[in-house]
Amino acid sequence: MIKMRAARVLIRGLIPACVILGCAAACGEPAPPAPKPAATPYLASSAQLNLPVAAYELTDTENAEVEYLSELYTQRCMRGFGFDYLPGLSASSIADHVRISEELNSRRYGVSDAAAAATYGYDMPAWTRGTSAPVSISSLPHTEVAVLTGQGTGDHHRRPIPPGGCLTQASGELSAAGIDPAAQGEGASAEAPLTQQIANQDFLQAQSDPRILAVDARWAACMRSYGDDGYISPLKAVTVWNLNVPASTSEIDTAVHDVACKQKVDLVGVEFAVESDYENADIVRNAQTLAQAKAEIATDAAGIRRLMASARSA
């Protein structure tokens, strides 16, 4: 299947630098009160965690639905020109993409799923790579590429090619339903640079927080009790192993111990609580911009629901 998601629209309008940096005083606004620290839950796995900033982005299911709709409308356009584009396209891909997202999420703080560790060690399961290799656009006939992208003579068998080709036409149909081009690209609002910055910088900041350093030390002590010496933190554990070859018995054993130790010291719960504290603070500091992001995401989600209902009834 060809991945031709639209490029993310970084910023619809200019976001003031002081907003991006979370410096309310520089904008002449009083600093908002700091949010209360998040309670530490007990979490065995991070597979289905929803950090605070996720409220300003589409869900994994909505992301997968947008990708499916984009490919579906492109396929319909291409068929109008006689091309059997993406013949294997099916709505079942939505569930597949969500499953892959959950597998990736389960490794946010290192491997945390006991069954996966016992089977794959630190490796990603083979099913996450799909059953077939993606098809490159360069492998398609020139005439098909011309209709797909609009880079051609302007017509195909005397039928006018839509400006920008079927890819652009499909994007326009999603936009007409209220799905923002930024959401079509990566499931984010036009304020994506801010939400991405919050997610990325707060994850990194959390790793040096005393609460996480302490839980990492407890995890490392637990690992030593299994005879696994030299492991400082779960995020570095994976770098010890060669993931380009099938997992050895030693790797699997270590990964199983890794997960058991995470559960013993509630490492996932601590990581989630600390990262949530940082994100909540940034959300308060950037409340106005993120309120706009949430409104845009709500509009996107409504458009996705309408198009998915139409696709199911077709």
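My entries below go from the whole chain to cores, helix pairs and single residues.

**Ground rules**

I am working with a predicted model, in which local features need pLDDT of at least 70 and side-chain atom pairs count only at pLDDT 80 or more, while totals for chains, interfaces and linings use all residues. I number residues from 1 along each chain as its sequence is written, and side-chain values use heavy atoms, with hydrogens and water left out.

**Entry 1: the whole chain**

I looked up the secondary structure and found 13 helices and 2 strands. These are DSSP runs numbered from the N terminus: helices are H or I with at least four residues, strands are E with at least two. Of the 314 residues, 45% are buried; buried means under 20% relative accessible area, exposed means over 50%, and partly exposed is in between, with a 1.4 Å probe and protein chains only.

The accessible surface comes to about 15,800 Å², and carbon and sulfur atoms hold 57% of it. That area is from the Shrake-Rupley method with a 1.4 Å probe, and for residues only the protein chains shown count as cover. Then I checked contacts, meaning heavy atoms within 4.5 Å. Among those with a separation of 6 or more, 78% join residues 24 or more positions apart.

**Entry 2: the cores**

Which residues have the most contacts inside the largest nonpolar core? I found Leu69, Met78, Phe81, Val147, Leu174, Ile304 and Leu307, in a core of 33 residues. Such a core is a set of buried Ala, Val, Leu, Ile, Met, Phe, Trp, Tyr and Cys residues joined through side-chain atoms within 4.5 Å. Helices H2 (60-79), H3 (92-105), H5 (142-149), H6 (165-176) and H13 (287-313) each supply at least two of its residues. The most come from H2, which gives 8.

I then followed Phe81: leaving out residues up to four places away in sequence, Phe81 touches Val147, His156, Arg159, Pro160, Ile161, Pro162 and Cys166. There is also a second, separate core of 26 residues, including Ile212, Val215, Ala220 and Leu267.

The axes are lines fitted to C-alpha atoms, for helices over the stretch in contact, with angles from 0 to 180 degrees between N-to-C directions.

The axes of H2 and H13 come within 10 Å and cross at roughly 50 degrees. So H2 is oblique to H13; angles under 35 degrees count as roughly parallel, over 145 as roughly antiparallel, 65 to 115 as roughly perpendicular, and the rest as oblique. I logged this crossing as left-handed, the term for a near helix turned anticlockwise from the far one by less than a right angle, with right-handed for clockwise. Among the residues that meet here are Leu69 and Leu72 in H2 and Ile304 and Leu307 in H13.

The axes of H2 and H3 come within 9 Å and cross at roughly 140 degrees. That makes H2 oblique to H3 as well, but this crossing is right-handed. Residues making the contact include Ala64 and Tyr68 of H2 and Ile94 and Val98 of H3.

**Entry 3: H5**

How many of the residues of H5 are buried? I got 6 of 8: Glu144, Val145, Ala146, Val147, Leu148 and Thr149. The buried residues pack against H2, strand S1 (155-156) and H6. Just after H5, Gly150 has a positive phi of about 80 degrees.

**Entry 4: H9 and H12**

H9 (210-225) packs with H12 at about 170 degrees, the axes 10 Å apart. So H9 is roughly antiparallel to H12. Residues that meet include Ile212, Val215 and Trp219 in H9 and Leu267, Val270 and Val274 in H12.

**Entry 5: single residues**

I found a positive phi near 70 degrees at Arg158, which is not a glycine. Arg158 lies in the loop between S1 and strand S2 (159-160) and is exposed, at 81% relative accessible area.

Asp266, also not a glycine, has a positive phi near 55 degrees. Its loop runs between H11 (249-265) and H12 (267-285). Is Asp266 buried or exposed? Asp266 is buried, because its relative accessible area is 13%.

Last, I picked Ala293 in H13, which is buried at 0% relative accessible area. The C-alpha atoms of Ala293 and Glu57 are 7.9 Å apart, although 236 residues separate the two along the chain.
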